[in-house]
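Hi,

Here is the structure I promised to pass on. Please open it first, then read my notes below.

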Amino acid sequence: MKLPQFNQANPCLLISPLLVIICSSVQLHASNPTNIYSTGFEAAEAYNRNFDLVGQNGWVGAGSGGNGLVTNFFPGLGQQAYIGFAPPNPGYDMLNVWRPINLVPDLTNRPIVKFSVMMEIDDSTNGQYDDFYWSVYNAQGHRLFTLDFDNFNTRIYYALDDTNGFISTGKFFTNNRPHSLVIAMNFTSNKWSATLDANLLVTNKSITKVGASLNLGDVDAVWFIFTPGAPGNNFMLFDNYQITAESLLPTPVRLQSLGRTGDGQFILRLTGDAGCSYVIEGTTNLVNWSALKTNNATDGTFDFVDSAATNFSRRFYRARQVP
């Protein structure tokens with residue numbers, strides 16, 4: 001028996017000699033962004049290359065080490081900020097720089113907060129290799145989560161605010177070239193995701209695992225010296241630093257055919273919003289629909305095996321979110 005295939009005229013209609021799946025046509029995206037804070041670190045914004053970044057335009061820091069502004073390291077984009085390169089004072093092994101935001105998210109209208117930045121990690125030439133973080137804090141100073149760009153092995157890790165430490169994303173970055181990083185935080189569902197150059201790094205991770213206050217204090221650029229007393233002369237450039245708040249539109253419900261079991265039962269996979277409940281319905285005539293399965297998509301997906309599929313010459317499926 002042939003497996004179901006997508007109808008070329010309507011890619012949301014999955015057809016087989018026996019089975020048809022009707023998918024939702026609702027669009028998924030956050031929309032109507034409101035700018036919370038943005039900077040390109042330009043001279044026109046009163047950033048001066050003769051001084052550290054810390055102390056300019058509300059940027060503050062903790063720890064010690066090189067930080068400041070350079071010109072045209074990203075060709076055609078004017079000035080960029082950086083951390084690293086110049087060694088910290090003796091006894092220091094970390095530098096955080098940040099611009100306080102202190103945003104209480106609008107959970108009703110704009111629960112999605114996005115941080116975006118163009119970044120580049122330039123390699124060491126002295127044989128020492130450090131880590132560069134983007135760390136998200138709440139207004140109470142609690143570190144919620146971190147993305148770690150490890151310049152020793154160019155792997156990318158993440159850490160939550162639990163006790164599990166740093167976990168590999170399985171992804172890598174490339175030295176000496178710019179990358180586009182986006183972190184999306186849903187403060188209603190307590191979830192965050194991240195992409196690098198539009199490639200998924202992390203998805204549906206908890207903003208806080210320990211019940212910390214769900215607000216945005218700041219997003220820090222961090223230089224972490226891997227070997228105390230022996231810093232690398234590597235550094236992280238960053239530009240087009242922006243934080244926006246956005247509304248959330250419904251996630252499309254997607255039903256995917258996983259084929260049949262050996263005894264002819266039909267397997268479906270539903271994909272939707274993590275933590276939401278959905279019902280899968282079936283019909284033979286597109287008029288009378290019956291609920292076949294209601295379940296919570298804990299991680300955004302669940303599978304359903306239709307054990308009654310062998311009783312029908314043709315069956316239609318659809319899915320929708322339920323309270």
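This is a predicted model: local features need pLDDT of at least 70, side-chain atom pairs count only at pLDDT 80 or more; totals for chains, interfaces and linings use all residues.

Strand E20, residues 266-271, is joined to E23 by six bridges, and the two run antiparallel.

E20 and E23 belong to an open sheet of three strands, in the order E19-E20-E23. The pairing there is antiparallel. E19 (254-260) and E23 (301-306) are the edge strands. Each has a single partner strand, so one side of each has no neighbour in the sheet. Neighbouring strands in this sheet are turned by 25° against each other on average, direction ignored.

As background, strands of a sheet pair through backbone hydrogen bonds, either parallel or antiparallel.

Next, strand E8. Is E8, residues 94-98, largely enclosed or left open by the rest of the structure? It is largely enclosed, because four of its five residues are buried. "Buried" here means under 20% relative accessible area. E8 also has two pairings to look at:

- With strand E5 (residues 60-63), E8 pairs in the antiparallel sense over four bridges. Gly63 stands opposite Leu95 of E8.
- With strand E17 (residues 218-224), E8 is joined by four bridges, again antiparallel. Met94 faces Phe224 of E17.

The largest nonpolar core has 48 residues. Which residues have the most contacts inside it? They are Trp134, Leu147, Leu181, Trp192, Phe238 and Tyr241. Strand E9, residues 112-122, gives the most to this core, with five residues. There is also a second, separate core of 14 residues. Val253, Tyr278, Ile280 and Ala319 are among its members.

Finally, the chain as a whole. It has 24 strands and zero helices. Of its 323 residues, 45% count as buried. How much of the chain's contacts, at a separation of 6 or more, comes from residues 24 or more positions apart? The share is 64%. The chain exposes about 15,200 Å². Carbon and sulfur atoms supply 51% of that area.

Then move to E8 and follow its antiparallel pairings with E5 and with E17. After that, turn to the 48-residue core and pick out Trp134 and Trp192, two of the residues with the most contacts inside it.

Best wishes

How values were computed:
Residues are numbered from 1 along each chain as its sequence is written. Side-chain values use heavy atoms; hydrogens and water are left out. Two strands pair if DSSP finds at least two bridges between them. Axes are lines fitted to C-alpha atoms, for helices over the stretch in contact, and angles run from 0 to 180 degrees between N-to-C directions. Buried means under 20% relative accessible area, exposed over 50%, partly exposed in between (1.4 Å probe, protein chains only). Contact means heavy atoms within 4.5 Å. Accessible areas come from the Shrake-Rupley method with a 1.4 Å probe; for residues, only the protein chains shown count as cover. A nonpolar core is a set of buried Ala, Val, Leu, Ile, Met, Phe, Trp, Tyr and Cys residues joined through side-chain atoms within 4.5 Å.
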